[in-house]
Amino acid sequence: MANSTKKNNTRASIHYPRFVLVGQPNCGKSTIFNKVAGYHSIATNFPGATVEFTKSTVQVQNQTCELVDLPGIYSLTAWDGASEETKKYLLEQKVDVIINVVDASLLSRSLELTIQLLELETPVVLCLNMMDEARRKGVSIDSVKLCQKLGIPVIETIGVKGQGVDELFAASYALSRNPVIAKCPKMSRHVEETVQNLAADLQKSTDGRAELPLRLLSIKLLEGDPFFAKLVPDIVNNISGSIEKAQKDLSEAHGEPSDAVISAERHSQAMALFEQTCLVQHAEKSWKDLIDRWIMHPIAGYLIMLLVLYLFFKTVFSLGSSVEQWLFAGFDVWIEQLSALIGSNSFIFHLASGIVQGIAGGIAIVLPYLLPFLFGLALIEDIGYLPRVAFLMDNVMHRIGLHGTAVIPGILGYGCSVPAVMATRILTSPRDRFISSVVAVLTPCSARMTVIFGLVGYYLGASAALGIYILNMFVIAVTGSILARLLPEDTPGMILEIPSYQLPSLRTVLAKTWLRMREFIVIAWPLLILGSLVLSLAEWFSLDQTINMIFRPITYILGLPAAVGSTLIFGVLRKELSMLMLFQALGTTDVASVMTSGQLLVFTLFVVFYMPCAATIGVLGKEIGWKNTLLASLLTVFIALVIGLLGRILSIFIF
Amino acid sequence: MRFFCNKQVPLDPSHLPLTLASGKENQCALITAICGGWGIRQHLNQLGIRVGAIIRVKREGAFGGPVLVIVDHSEIAIGRQMANKIQIQVINGKLDKEK
């Protein structure tokens with residue numbers, strides 16, 4: 001609770017009504033968010049956690065409101081980290097209106113969450129999203145009747161087309177001005193009595209000063225949810241007897257554990273609502289089923305997957321390299337002109353060229369690859385292809401001791417290790433999370449991709465770059481299976497919803513790309529320019545010699561020029577810095593004139609595997625603990641040295 | 001607090017109940033028991049996989065892969081290990097998708 005008060009105090013004295021989008025995963029929350037949120041929306045971290053949510057201010061009927069998009073949850077009983085953060089937010093922060101976004105084609109299941117949200121005793125608006133999809137599946141919903149039954153506003157929308165979104169926010173605004181808390185639907189007699197009796201006990205033991213809605217707390221304690229028990233330890237200790245008795249009552253009367261009784265009860269409440277308000281007819285045959293027949297086919301599926309990944313990387317590479325060449329030529333001319341103008345030995349030239357190199361590195365190397373990559377990844381994510389890859393890869397992942405769900409952090413790892421490590425939260429077992437974090441860290445992220453493409457791809461050809469990717473997968477598989485043998489455990493395995501395909505909305509994809517892109521522009525690029533400047537100055541003062549001496553053991557083993565030693569430090573800040581600093585350290589953008597092909601290969605291999613970057617280390621520390629982070633980091637350095645050495649031996653034979 | 005499946009699984013293999021892992025494509029089945037702890041049960045429950053639910057197998061995973069089931073219009077992939085712990089009773093005849 002301390003958190004929420006602190007937050008409210010630091011906020012400006014004007015309090016904007018705060019709307020929060022809550023819904024099950026893949027219900028189209030983010031599409032609705034991006035329809036109204038401008039490009040000034042920001043991704044923020046939960047207090048004390050690394051799971052991101054986005055928020056923005058929006059204009060509703062000329063009033064400024066705050067809109068928050070929380071990660072999807074199936075229920076208020078959380079079983080993984082990401083949904084736990086959503087739950088904490090709902091319980092601890094001041095929320096004016098909960099906008100419960102629902103995939104209308106999955107209404108019966110979604111209503112179970114709606115019922116739990118009502119228990120929060122906060123005004124709720126129900127948003128029936130994807131009405132077109134529901135109609136296609138043969139579900140017709142009487143939203144007026146649903147509205148009467150639940151006692152909350154119900155708005156039909158088609159988020160992708162923007163239909164109904166204005167009405168949704170108008171209704172939310174109206175509700176925030178005139179808040180009405182709907183009554184929770186009653187459960188069947190015996191269960192309802194048990195819940196109310198326990199709520200009364202809670203009322204007594206807290207003297208009516210409870211910070212949580214009592215009905216909610218009572219239900220969650222009956223369900224035996226450890227999260228809520230930890231939230232109010234004193235109360236639970238006080239009346240632990242009556243909690244246990246109530247649980248026993250339920251399980252004896254219904255012949256099932258009390259949590260199963262409550263969920264069955266909630267299910268029947270939701271089903272009753274669904275049956276009273278909906279009519280289900282035959283579904284239309286859809287292209288989506290036809291596509292899935294092939295995409296999830298036991299043989300064709302894998303071929304399609306390889307084709308998709310190949311086309312994806314091919315497009316990114318050819319787009320990036322064509323722009324890179326063109327931009328680079330421009331910057332080289334610039335530096336030459338600069339040296340002619342102020343003389344290449346002056347202090348000012350060192351300053352200026354450091355800055356220019358930094359700017360050039362950002363524009364010419366990172367952006368051309370990063371932009372198409374992030375766009376493509378957001379597209380694949382939004383279409384809904386990733387869970388299908390997880391389905392296909394489950395048996396392969398079992399070979400390395402993980403299961404299909406762990407593929408998702410792996411694939412996200414090709415974008416950036418930070419969200420990939422965060423995504424390991426969808427795994428329930430700590431052991432799975434550790435192994436897949438290591439896998440995510442070893443996966444070459446887009447920063448390392450720019451190094452692979454910018455050095456090996458550019459100087460040795462695209463097939464060599466592809467070779468590094470294949471080698472990398474092999475190393476990951478070996479590392480994963482070794483770790484799995486070292487940490488044997490019986491884990492529950494994959495339980496994953498495969499959402500139906502979505503036509504992605506360009507706006508959401510662009511917004512996603514921009515949010516991730518901005519992180520590079522705002523944080524990494526200034527760091528890059530600064531680093532370039534520092535290195536340039538270090539060179540002027542001959543400090544780089546000292547740094548290079550420290551790294552000499554590594555560079556000696558790998559047979560690299562001593563001058564690259566200092567670049568490895570920058571690689572820990574941001575992976576692509578190691579390459580950009582290479583240009584700076586060697587004093588040229590034409591690396592091939594200074595290093596042999598073999599050295600280029602070894603340098604790239606080392607950079608790809610060694611040490612996660614600073615941001616990743618930070619996230620790793622929070623997700624898997626600092627001891628494990630240290631372990632994982634040392635492991636990567638060890639792997640990098642081994643692979644680099646192998647590369648050196650190999651390059652003797654090739655070049 | 002943890003609850004475990006209260007049904008004793010007999011050791012004689014001929015008496016073993018059918019599990020989801022043995023489900024065939026397009027088969028419809030009633031879930032009769034889920035053997036697992038609190039977390040797993042809650043997790044499956046939220047996705048509609050609960051005792052008494054009727055599911056349809058859309059795809060048996062190839063090469064030891066996961067089983068894809070349809071429940072209440074949504075598709076859930078369940079790993080082989082987990083599928084082995086979900087006991088089912090096959091419903092005769094192929095039900096239509098909408099029933």
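Predicted model: local features only at pLDDT ≥ 70, side-chain atom pairs only at ≥ 80, totals over all residues.
**Notebook: chains A and B**

I started with the strand link between the chains: strand S10 (residues 495–498) of chain A and S4(B) run antiparallel, joined by 4 bridges. Strands pair here if DSSP finds at least two bridges between them. Within S4(B), Glu75(B) is the bridge partner of Ile498(A). Helices (H or I, at least four residues) and strands (E, at least two) are DSSP runs, numbered from the N terminus.

Residues are numbered from 1 along each chain as its sequence is written, and chains are lettered from A and ligands numbered from 1 in the order in which they are written.

Next I looked up the whole interface, with contact meaning C-beta atoms, placed from the backbone, within 7 Å. I found 35 residues of chain B in contact with 35 residues of chain A. On the chain B side, helix H1 (38–46), strand S4 (74–78) and helix H2 (80–83) each supply at least two residues. H1(B) gives the most, with 9 residues. I sorted that side of chain B into 14 nonpolar, 13 polar and 8 charged residues. For the classes, Ala, Val, Leu, Ile, Met, Phe, Trp, Tyr, Cys and Pro count as nonpolar, Asp, Glu, Lys and Arg as charged, and the others, Gly among them, as polar.

I get 2 helices and 5 strands for chain B, in the order β-α-β-β-β-α-β along the sequence. Of its 99 residues, 46% count as buried, that is, 20 or more other C-beta atoms lie within 10 Å of the residue's own, with C-beta atoms placed from the backbone. Among contacts in chain B with a separation of 6 or more, 63% are between residues 24 or more positions apart.

**Domains of chain A**

The assignment gives domain 1 (2–177), domain 2 (189–279) and domain 3 (300–654); the bounds come from an automatic or database domain assignment. Domain 1 and domain 2 of chain A each put 19 residues into their contact. On the domain 1 side, H4(A) gives the most, with 5 residues.

**Core**

Of its 185 residues, Ile99(A), Val125(A) and Ile78(B) touch the most other members. Leaving out residues up to four places away in sequence, I see Ile99(A) touching Phe19(A), Val20(A), Leu21(A), Val125(A), Cys127(A), Leu168(A) and Ser172(A).

How values were computed
Contact = placed C-beta atoms within 7 Å. Core = buried A, V, L, I, M, F, W, Y, C linked by C-beta atoms within 7 Å. Buried ≥ 20, exposed ≤ 12 C-beta atoms within 10 Å, placed from the backbone.
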